[in-house]
Amino acid sequence: MPSRNSIDWNAPPKLPATHYTRGDIYRDEAIFEDEQERIFKKVWRLACHESEVASPGDFRTLEYAGTPLVVVRGQDGVIRTFVNVCSHRGARIVHQPAGNMRHMVCFFHLWTYDLTGSCTSIPRPEAYEKQNLNKDKLGLREVRTGRKCGLVFVNLDDACESLDDYIGDALEAFENVLTENDLEVFTYQHATIDANWKEWQETNLDLYHEYMHVALRKTQIDPKAMNQRELKVYPKGHIRGGGSGYSANYDGYSGWAKREDSKALRGLTASDFRFTHIFPCSSMNARGTIMRISTFTPLNAHQTRIEWRGMSPRSDSEDDWAMRTEHYNQYWGPFGRNVPEDLMAAELCEWNFGPAAARYQIIAREEGMRGQDDGFLRAFYQRWGELMGRSASGEGDTP
Amino acid sequence: MSISRDAATNLISAACQYLDDEDWDAFLNICDPAFRYRITVRSPEIKREMIWFNQDYAGLRDMFSVIPEHLRRLGTLLRHVSIGHIEHQAPDMAQVTSTFQCIHTDLEGRSNLLAVGRYLDDVRATSGGLRLAARNTVLATRDLGVGSHVPI
């Protein structure tokens, strides 16, 4: 194959428009802003696990689509989410990432809200009477909150569809794992990387990139089993991998031991691995003895903040906890063998798509939606295109 | 056989330099056979102490042997240490508490702070010289960007 000149290099690939993406979707600030409005402010996004807000008054804060949020369980047991902004002068009300509170008090002028978001107290309120302003009109902005299988989701769109309608059957591979293990978060990490959010998400959806990972080359890539692996795509861009052909032999990697079925999470065998991605940014991964839930927040066109939560049964003994910590860290910890490689891959793509050295990305593998087909990537970009009103390949754009 | 501050300082400095240089054999040579390297951090998000890295001597040796095969952060790390308190626990054992900054320098020569924290090092005097018996790296930094294939 000869090298190409600039005309050939810059020309769109001779492929169906569904089978490639154009580089500007990774760097164009206007596209990024459009994504915030058309995608991230419209879809359900994982906020936390309900064990993080187990008791009345427990809260978690997060930022999403440029909006600070606080998720809190009320005295009535209901989990609600509010924009973490005081109605008065716009100050951040709750500062800590997690904790327990009886009410929310803004540090600035001591405006106070209860855990249903009602404003309950304003110091010296009589000075607002001339303007007919009182605490009854000054509650916090509430955000749609939904729960499914112990996962807490939020949606910034007041008019959004229900969480159940949004997810449909896409959590079917994890329903048993999530509901039968009485899970809690045993480890948490986040990372800010210099990459567009789609460059990160592509590493989650690209099965072919298994070859990049030494640990996966040694533990799970079996060319003979590839045609057993099915790729399932659900409506609205959700996807699932798992089942026959998705298994790992962990003792294939130097220093790692075989995982015991007796230690597997309920609903899994020790060698199972499976994953589900809820469009656009919420994921579940399981590897026999361990499970992870993750999400991310695009910060700007060139930076993404990712969060991972390791889940373990609340009933774990100290030895089980140590075993699960070890297994989690092998792949997914910040000093693990896999996650740092995935993050590096996203950054190395950003190095080239950021300054437009890379012009197009090919997502053209076809294996009948089996093995390492690029079907997950095409499903992702199909949904992206539907919401954005444009093609990720640039087809139909004015040059 | 008591452990002097100078000897402990030299050992910890050597440990950092060997890690900086990725001279894994030299690093393991100054470790006790019962050595364990842990990296721990407190999460305010889940209000728990977490273990992010936990390897014994054999585990480290296995891990180091595979590192060249991995795709990993490009550039070099430099661990800057300030030795603080030395607590003598036995005639041949002491715990040394240090603060550290780990600085990453990329391929263009740009340096950025990657992590800060404390080293809690157990050092043991042996007939062969001072050995690192255990290290607990207590991270203050929780966002490590792309992370690391090697202990900080």
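This is a predicted model: local features need pLDDT of at least 70, side-chain atom pairs count only at pLDDT 80 or more; totals for chains, interfaces and linings use all residues.
**Conventions.** I number residues from 1 along each chain as its sequence is written, and I letter chains from A and number ligands from 1 in the order in which they are written. Local features need pLDDT of at least 70, side-chain atom pairs count only at pLDDT 80 or more, and totals for chains, interfaces and linings use all residues, while side-chain values use heavy atoms, with hydrogens and water left out.

**Entry 1: domains of chain A.** I found domain 1 at 48–161 and domain 2 at 173–388; such bounds come from an automatic or database domain assignment. Their C-alpha centres lie 32 Å apart. I then looked up the contact (heavy atoms within 4.5 Å) and noted 12 residues of domain 1 against 17 residues of domain 2. The two domains bury about 1100 Å² between them, 62% of it on carbon and sulfur atoms. Buried area here is the accessible area (1.4 Å probe) that two parts lose on being put together, summed over both. On the side of domain 1, His49(A), Cys149(A) and Leu151(A) lose the most area to domain 2, together 38% of what that side buries.

I counted 3 salt bridges between domain 1 and domain 2 of chain A, a salt bridge being a side-chain nitrogen of Lys or Arg within 4 Å of a carboxyl oxygen of Asp or Glu. Separately, I recorded that Lys236(A) forms a salt bridge with Glu161(A), with the closest N and O atoms 2.7 Å apart.

**Entry 2: the nonpolar cores.** I took a nonpolar core as a set of buried Ala, Val, Leu, Ile, Met, Phe, Trp, Tyr and Cys residues joined through side-chain atoms within 4.5 Å. Buried means under 20% relative accessible area, exposed over 50%, and partly exposed in between (1.4 Å probe, protein chains only). The largest core has 140 residues, and among those that touch the most other members are Tyr64(A), Trp384(A), Phe27(B) and Leu139(B). Helix α9 (residues 375–388) of chain A gives the most to this core, with 8 residues; helices (H or I, at least four residues) and strands (E, at least two) are DSSP runs, numbered from the N terminus. Domain 1 and domain 2 of chain A both give residues to this core, so it lies between them. I also noted a second, separate core of 18 residues, which includes Phe82(A) and Cys106(A).

**Entry 3: chain B against chain A.** The contact takes 35 residues from chain B and 38 residues from chain A. The area buried between the chains is about 3000 Å², of which carbon and sulfur atoms give 61%. I found 2 salt bridges across this interface. Glu184(A) forms a salt bridge with Arg48(B), the closest N and O atoms being 2.9 Å apart. On the side of chain B that touches chain A, β1 (31–43), β2 (48–56) and α3 (57–66) each supply at least two residues, and β2(B) gives the most, with 6 residues.

**Entry 4: helix α5 of chain A.** Is this helix buried or exposed? I found 9 of the 9 residues of α5 (residues 197–205) buried, so the helix is largely enclosed by the rest of the structure. Trp197(A), Lys198(A) and Glu199(A) are among the buried residues.

**Entry 5: Gly267(A).** I located Gly267(A) in the loop between β14 (239–241) and β15 (273–278) of chain A. Gly267(A) is partly exposed, with a relative accessible area of 42%. Leaving aside residues up to four places away in sequence, Gly267(A) touches Val177(A) and Arg274(A).
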